[in-house]
Amino acid sequence: MDRIRIVGGAKLNGTIPISGAKNAALPLMIAALLTEDTLILDNVPRLADVAQLQRILGNHGVDIMSAGKRSGDHQYQGQTLHISAKNIIDTTAPYELVSKMRASFWVIAPLLARMHEAKVSLPGGCAIGTRPVDLLIMALEKLGATIAIDGGYVVASAPGGLRGAEIEFPKVTVSGTHVALMAATLAKGTTIINNAACEPEITDVADCLIKMGAKISGAGTPRIVIEGVDQLHGARHTVLPDRIEAGTYAMAVAMTGGDVQLSGARPELLQSALDVLTEAGATITVNNEGIRVARNGAGINPVTVTTAPFPGFPTDLQAQLMALMTCAKGVSHITETIFENRFMHVQELARFGARIQLDGETATIDGVAKLRGAPVMATDLRASVSLVIAALAAEGETMVNRIYHLDRGFERLEDKLSACGATIERISG
Ligand code: UD1
């Protein structure tokens, strides 16, 4: 199994290109199931999760062609996928595939909307809490689907097609909103989604669906209205930049010191994180290229942060912020409100010498002057990258084990960081 070796202490200086957002690319690829025509997606990140979803869609009969690089393309340029779900040959998503990636459960929505049936394995447990699908099932039932749980599978049918309905989510859910939105595009009549997630990835998917002929208004607000249409057609769409990747590298620069241009990053997608970084002592400048992050001289200020749905501070940057705060000049408090048990990184950060106390959903971090490198193990995607951030600033060598989580969500992490002066290498085998 691959590992990453990091020798900490170097400041980061240079440019980091920001890739397309994983959390938009996955639902966009799934949305291709809604039409017989080809959906072309540009700026798709080269990630293990994308490759896994290609396999899952292939199982349903979807053809995916990845266009090659053209001369003059930037080395980090995302790939272009031509996705054709002309013939759906199988409406079952088996356990062996769905259990590897939770988001693949979302295929239930387009399959049900277009084929009027779907049998999708329950995704199962996850390292960051229970992550149920009850609200996704509730939304599909509201749209007229009959749903049974049988042998670990969700068996859904809507023989006469889905019908528009009013859906009220009791809590904000990104997965629930994606599923309701996709399913409603082909339902008969009007659907209203109340308390919808406002995450930029929802808006990106809605923008693509509109290009495909869907009638959607209000995406990006808590009330989305969808007027069902008979069918959708092909379209071309560019995946929006990854705000979590941008925020992660911004935290890394704040941690090590230095000056890095995050090219292609869009500040409005991560304003809450940029505000926290400014409070922590980083200098953030927005320019034509994206976002520039610098920290020189002064140390890191402690902060008090609570995760919240967009536009609040994202749970997907909580672990990275905690790594940063391990070296703050004082005591920080970080409260996680989205997922229970999303503190798997705490024990590993302690291996660097970090001082963190957990009390329910709040972590209290007492900053130390220096971290020291250690062998550590990653437990989920964002937790893994928080260990990389700690290692970049720690004295001596760190070996990050089990890095397959990093490959799920960060494109060429070690290349991007070493280009900015970090001592980081992948050790295969
Ligand atoms: C998505 C993101 C993930 C991010 C999260 C929150 C993708 C592929 N993943 O995950 O990176 O951390 O949004 O921004 O886009 N819930 C229920 N019942 C349900 C569904 C969700 O109780 O049926 C709960 C969850 O357990 C959690 C909360 O709702 O406590 C939010 O979950 P949700 O927004 O759905 O997260 P995901 O879409 O799984």
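Buried means under 20% relative accessible area, exposed over 50%, and partly exposed in between, with a 1.4 Å probe and protein chains only. By that cut-off arginine 243 is buried, at a relative accessible area of 9%. This is a predicted model: local features need pLDDT of at least 70, side-chain atom pairs count only at pLDDT 80 or more, and totals for chains, interfaces and linings use all residues. Residues are numbered from 1 along each chain as its sequence is written, and side-chain values use heavy atoms, with hydrogens and water left out.

- Helices (H or I, at least four residues) and strands (E, at least two) are DSSP runs, numbered from the N terminus.
- Two strands pair if DSSP finds at least two bridges between them.
- Four strands form an open sheet in the order S22-S23-S1-S24, and the pairing is mixed.
- Strands S22 (375–377) and S24 (423–427) are the edges; each has a single partner strand, so one side of each lacks a neighbour in the sheet.
- On average, neighbouring strands of this sheet are turned by 20° against each other, direction ignored.
- Axes are lines fitted to C-alpha atoms, for helices over the stretch in contact, and angles run from 0 to 180 degrees between N-to-C directions.
- S1 (residues 3–7) pairs with S23 (residues 397–401) in the antiparallel sense, over four bridges.
- Isoleucine 4 has valine 400 of S23 as its bridge partner, and isoleucine 6 stands opposite threonine 398 in S23.
- S22 and S23 run parallel and are joined by three bridges; proline 375 stands opposite methionine 399 in S23.

- Contact means heavy atoms within 4.5 Å.
- Helix H12 (residues 381–393) packs on the sheet and touches S1, S22, S23 and S24. Its direction makes about 30° with that of S1.
- Serine 386 is in H12 and counts as buried, at 0% relative accessibility.
- Not counting residues up to four places away in sequence, serine 386 touches Ala319, Gln320, Ala323, His345 and Leu349.
- The C-alpha atoms of serine 386 and valine 44 are separated by 24 Å, with the two residues 342 apart along the chain.

- Eight of the eight residues of H10 are buried, so the helix is largely enclosed by the rest of the structure.
- Among the buried residues of H10 are Ala319, Gln320 and Ala323, which are also contacts of serine 386.
- Threonine 326 is in the loop between helix H10 (318–325) and strand S19 (331–335).
- Threonine 326 counts as buried, at 0% relative accessibility.
- Beyond four places in sequence, the contacts of threonine 326 include Met255, Leu349, Ile356, Asp366 and Leu371.

**Arginine 243**

- Arginine 243 lies in helix H8 (residues 243–256).
- Leaving aside residues up to four places away in sequence, arginine 243 touches Glu199, Pro200, Glu201, Leu269, Leu270, Phe310 and Pro314.

**The second largest pocket**

- A pocket is an open set of points on a 1 Å grid over the protein atoms alone, where a 1.4 Å probe fits, with protein on both sides within 12 Å along at least five of seven lines; lining residues have an atom within 4 Å of a point.
- The second largest pocket holds about 310 Å³ of space, a volume being the space filled by probe spheres set on the points.
- It is lined by 19 residues; closest to its centre are Leu186, Val229, Asp230, Gln231 and Leu232.
- The lining divides into seven nonpolar, seven polar and five charged residues. Ala, Val, Leu, Ile, Met, Phe, Trp, Tyr, Cys and Pro count as nonpolar, Asp, Glu, Lys and Arg as charged, and the others, Gly among them, as polar.
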